Amino acid sequence: MPGDPVLTTSSAPAAPPVYPNGPLSPINRAQAASSTVVQLQPPPDLWARIRSGFAMPDLQGELVTDREQWYASRPDYMQRMTERSSKYLFHIVEELERRNMPTELALLPYIESAFNPQAVSSAKAAGMWQFMPATGKYFDLKQNAFRDDRRDVLASTRAALDYLQKLHRMFGDWHLALAAYNWGEGSVGRAIARNKKDGLGTGYQDLRMPDETRLYVPKLQAVKNIVANPQAFRAELPLIENHPYFQQVLISRDIDVALAAKLADVALADFKALNPSAHRPVIIASGTPLILLPWDNAKIFQRNFEAYTQGQYASWTAWTAPATLSVGDAARRVGMSEADLRGVNNIPPRMLIKAGSTLLVPRTATTDSDVTSHVADTAQVAFAPEIVTRKTSVKARKGETVTTIARRYGLSAANVAEWNDVSANAAFKLGHQVVLFLPVKASSTRRAAPSRSNIKAIKRSPGKTVIKSKKR
């Protein structure tokens, strides 16, 4: 785009270089001429480095062409995606090369989440690699009240590459591995088994699969083709330097997210983009001891962190509910308004906070200790529906006691005794008015009158019409 540094040039990938393996032996002139010399100069930018690592077979077909046109016709969308990816791509490429994996896989988050680490799908998949909760747990991505590692840049990338390697070992083919990443390994395995039974091919394009999975690899191939030759698609790729964007910084104390960004001299939005798993206003050091900061801001943060003398680093701490409480009761205990407690802990309406839940609450001036590692790793919040009751009275039957009435209405005997100011083993006289507080049931929905679109007229006799509802 005008005014922005762009990269629009590309060249055909060079032949793979030859690396020494085992004892060295002399080669002749013809052998030397046919081999590529390893470049001592690093690639000028990250796009060139990604291109040089392409190793997956290309997919051809109408679906690829269709996706190429879709992306190429949306230059603003492509620009936003690629600019967002500039914070994470270097790290992903480094990890892929270290594992000897195809660098096309660095482009997969474009398909999964448009490189948005805060993305959440309708199926509850989260992060730029879009892990479902159960799959995330299988790959050691912690999900609790204080962090969600499915959003964490380093942890989710490690887990995604672990998963892709596992799938590639299972199927021996990158296209099938990608289909399994999207559709599930069991689904791909069953589709392969069906085709084998029917004497059909078992490649990616041979299998019957949902439309989303059918388009999945063509989308990746389309982005790969645009990255490989942006000029052919009149595309502009923003310059991404072949240099780490961020570095890890150790934090020794709990610290507010806003303060951490301020001490690093980083815009709050940029700080959150690098540390997306910190979805609360405080970072718990015992659970998240490392934060990511832009390369040049790491030393600024360390210097300012050590020089900070304006009080505590964190204005929030953890509090565990000692019993099942209403939100109002919990708010009074921790000195917050009910609205603030709901907001900071994402408490839905008409819910009770269950005993043992860990909530984020204000840290008092006298609280010196940080949240423990046990709480940071295991903290969960659980809710129970809030039951609305109404006061009523019922007549005691012959021989009725506190216990029998409590059993009849599904109540505790202690509560019935308390409401009636009697002992828990008391008996009532026949006809005695016993006070109870019973749950209010939602009034049953009245049967709606048929709408105009839902009725038909049936003529019975001249001048007389009977209205009947249509059957669905």
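Colleague: How do H15 and H16 lie, roughly parallel or roughly perpendicular to each other?
Modeller: The axes of helix H15 (residues 327–334) and helix H16 (residues 338–345) come within 8 Å and cross at roughly 100°, where axes are lines fitted to C-alpha atoms, for helices over the stretch in contact, and angles run from 0 to 180 degrees between N-to-C directions. Helices (H or I, at least four residues) and strands (E, at least two) are DSSP runs, numbered from the N terminus. Angles under 35 degrees count as roughly parallel, over 145 as roughly antiparallel, 65 to 115 as roughly perpendicular and the rest as oblique, and H15 and H16 are therefore roughly perpendicular.

Colleague: What kind of model is this?
Modeller: Residues are numbered from 1 along each chain as its sequence is written, and side-chain values use heavy atoms, with hydrogens and water left out. Local features need pLDDT of at least 70, side-chain atom pairs count only at pLDDT 80 or more, and totals for chains, interfaces and linings use all residues, since the model is predicted.

Colleague: Which residues of H16 meet H15?
Modeller: Contact means heavy atoms within 4.5 Å. On the H15 side stand Val327, Gly328, Ala330, Ala331 and Val334, and in H16 they meet Glu338, Leu341 and Arg342.

Colleague: Is the crossing of H5 and H8 left-handed or right-handed?
Modeller: The axes of helix H5 (residues 89–98) and H8 come within 11 Å and cross at roughly 35°. The contact is formed by His91, Ile92, Glu95 and Leu96 of H5 together with Leu154, Thr157 and Leu161 of H8. A crossing is left-handed if the near helix is turned anticlockwise from the far one by less than a right angle, and right-handed if clockwise; that of H5 and H8 is right-handed.

Colleague: What volume does the largest cavity have?
Modeller: On a 1 Å grid over the protein atoms alone, a cavity is a set of points where a 1.4 Å probe fits but cannot get out, a pocket is an open set with protein on both sides within 12 Å along at least five of seven lines, and lining residues have an atom within 4 Å of a point. Grid points are joined across faces, edges and corners, and a volume is the space filled by probe spheres set on the points. The structure holds 2 cavities of 30 Å³ or more. The largest cavity, lined by Phe146, Arg147, Ala278, Val282, Ile283, Ile284, Gly287, Thr288 and Ala376, holds about 60 Å³.

Colleague: Which helix gives the largest share of the lining of the second largest pocket?
Modeller: This pocket of about 450 Å³ is lined by 18 residues, of which Glu112, Ala125, Gln130, Tyr181 and Asn182 lie nearest its centre. Two or more lining residues come from each of helix H6 (108–112), helix H9 (174–183) and helix H11 (211–228). The largest share, 4 residues, comes from H9.
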